[in-house]
Amino acid sequence: LQYTVYWSRRWIYGSYGTERIFRMETFFSASNKIKTNSCSIPAGFLDRIPREREFSSSEEYSSAVNKALEEESRKHSERIERDLDVVDFFKFSAEEFLYEYAALGKPLIIKNSTTKWPLPSKFWSIELLERFFGDSEYVVRKGDDYTSMQTRSETFTSYIASLRKSSFNVFESQDLDCTTQEIDASWYGANNWIPPGLIPYIDIPKYYPSWTSRMLDTKIWVGPEGTGAHLHSDMHDNFVVQLIGEKRFTLIAPHHRASLGATSFTSNLMSSPIDIHNIEASRYPEAALLKEKGKIFEYTLHPGDALYLPAGWFHSTRNLNSDVCCSINFWQAACYGSARVIVPNIGPPDWIVKPGSATKQDVETLLASIRNSQNS
């Protein structure tokens, strides 16, 4: 199994410069190894994504990567287009992940994924999130698709307050003031950065090298029942960890892009205009045929579950609970397992504080403080 490792200037980390030239550079010879927790990845080259080529823009680079992802997806379609495998965190190694799932671009569900976190999913609550977010700025959005999406910024406190006032069966407490201009539970708190104080209580995935999980590529998603993300694909391998409530994922393999009418919305995201839960067969016959042939997969994440979502896979999400749901996702910076690409260690981690560094005493103090505030 041959993996390409490279550095792409500025595209991986937005603060690395302002130039518009993107050069692929190899950092390892074929004899070198990249160490993960339990296995070594042979380093090599893949001609499909040239290792020495200048790209005039991030869009040109993204096109090359997406083409590779589609080709690999089509090649392995019989192996990846099946019901999702479900494994247990304690019975599953990084080596199995890399060779049986990442290399094929095959999604995977990992149960009990937060058991070894300082703060496992069973302790997460909206009150916990309020403790760490407080009145910090929080971005919310709504819309039928990415082109019509509305976004606005408010405080996390005001966002949660608006949800409390819009759904009397969601929260026990109804006495908070709502400072937003409208009471509307369709706004989704999507793609926000994690508060620094919360970072020690989470931990990063253990299947790729640790340097591929970076703070700027780790986001938190909070929203009530019915909110979610419209059908799209991202250009990074991704782990989604469910912490509060349930979230349903609908998945479609990368090589069906044309059938979904997907086009580039940004250099890292392709968007489909189709409502995958209510396909208009007369307008999108090829998408309707995918459903008839069983090429559209669904899985509901429960607290503690993690979904490995390979780069290029189209997906939509929907929060299912009447209460507010929460998940964290870890984009693996510039990693595309099915295209044999793993980013090298080109610099120190950008975490403000170390993930997973909270002690048992820290956790006990935090939980006791939340209990006391609820009882007061």
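These legends describe close-up views of one predicted model. In this predicted model, local features need pLDDT of at least 70 and side-chain atom pairs count only at pLDDT 80 or more, while totals for chains, interfaces and linings use all residues. Residues are numbered from 1 along each chain as its sequence is written, and side-chain values use heavy atoms, with hydrogens and water left out.

**View 1. The open sheet of six strands.** The strands of this sheet follow the order E15-E16-E12-E19-E14-E17 with antiparallel pairing, where strands (E, at least two residues) and helices (H or I, at least four residues) are DSSP runs numbered from the N terminus, and two strands pair if DSSP finds at least two bridges between them. Strand E15 (263-266) and strand E17 (297-301) are the edge strands, each of which pairs on one side only. On average, neighbouring strands of this sheet are turned by 35° against each other, with direction ignored.

**View 2. Strand E19 and the strands joined to it.** Of the six residues of strand E19 (residues 314-319), five are buried, a word that here means under 20% relative accessible area, whereas exposed means over 50% and partly exposed lies in between (1.4 Å probe, protein chains only). Strand E12 (residues 232-234) runs antiparallel to E19 and is joined to it by two bridges, and His232 stands opposite His315 in E19. E14 is also antiparallel to E19, with six bridges between them, and the bridge partner of Leu251 in E19 is His315. Five bridges join strand E14 (residues 247-252) to E17, again antiparallel, and Arg248 has Thr300 as its bridge partner in E17.

**View 3. The packing of helix H4 against helix H7.** Helix H4 (residues 126-133) and helix H7 (residues 360-375) pack with their axes 11 Å apart and at an angle of about 105°; axes are lines fitted to C-alpha atoms, for helices over the stretch in contact, and angles run from 0 to 180 degrees between N-to-C directions. H4 is therefore roughly perpendicular to H7, the term for angles of 65 to 115 degrees, while those under 35 count as roughly parallel, those over 145 as roughly antiparallel and the rest as oblique. Glu127, Leu128, Arg131 and Phe132 in H4 meet Leu366, Ser369, Ile370, Ser373 and Gln374 in H7.

**View 4. Tyr61 in helix H1.** Tyr61 lies in helix H1 (residues 58-75) and is buried, because its relative accessible area is 1%. Although Tyr61 and Asn268 are 207 residues apart along the chain, their C-alpha atoms are separated by 9.9 Å.

Notes:
Contact means heavy atoms within 4.5 Å.
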